[in-house]
Amino acid sequence: MANQELIDALREADAVKYGEFELSHGGTSNYYVDKYVFETDPRCLELIAGAFAERVADTKLAGVALGGVPMVAVTSVETGLPYVIARKQAKEYGTGNRIEGELEDGEAVVVIEDIATTGQSAIDAAEALREAGAVVERVLVVVDREEGARENLADHGLELEALVTASDLLADAPEDIDG
């Protein structure tokens, strides 16, 4: 079931753009979901926090740097649950941590991410969390672009749950856009 209120908020914030776009994994697309638009829009963040809060139960949260950090922070505030941040790589200064925040060995953690295309950044974060001793089985994303992330995550023992899918967002797309 599509979260129509969130879809409407994403559209109203102009987070869904049409044209020719290069994606982070190197592919191209005729639409783009601008995470920086919805990650900086208070209404979108409020809806995302509420929707994630309904799905996390009493599990520690982990945000994938950089995109997942605003969502994990607002979800933490909404739920009162603590969170950690999974960096793409360990810092080369200070503590040199790849995981920021307190994490207990064997602790269950749910990964929060902005957009899933291939799912690779969520897989990398889950592997880093697992190496740090966490039990990670679920990844929550705002948007699943439906381009293989679900299958790739499943190959790594991770279940993907999206608040909305590309199909949901593109349901009323301009005629010349193929969703």
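Tutor: H1 passes H3 in a left-handed crossing (the near helix is turned anticlockwise from the far one by less than a right angle; clockwise would be right-handed). Helices (H or I, at least four residues) and strands (E, at least two) are DSSP runs, numbered from the N terminus. This is a predicted model, where local features need pLDDT of at least 70 and side-chain atom pairs count only at pLDDT 80 or more, while totals for chains, interfaces and linings use all residues. Residues are numbered from 1 along each chain as its sequence is written, and side-chain values use heavy atoms, leaving out hydrogens and water.

Student: Which residues of H1 and H3 make the contact?
Tutor: Glu 5, Leu 6, Ala 9 and Leu 10 come from H1, and Arg 43, Cys 44, Leu 47 and Ile 48 from H3, with contact meaning heavy atoms within 4.5 Å.

Student: OK, new topic: what is the strand order in the open sheet?
Tutor: The six strands run S5-S4-S3-S6-S7-S8, with mixed pairing; two strands pair if DSSP finds at least two bridges between them.

Student: Which strands stand at the edges?
Tutor: Strands S5 (99-100) and S8 (159-165) do; each has a single partner strand, so one side of each is left without a neighbour in the sheet.

Student: And how many bridges join S4 and S5?
Tutor: Two, in the antiparallel sense, with S4 covering residues 83-86. Ile 85 has Glu 100 in S5 as its bridge partner.
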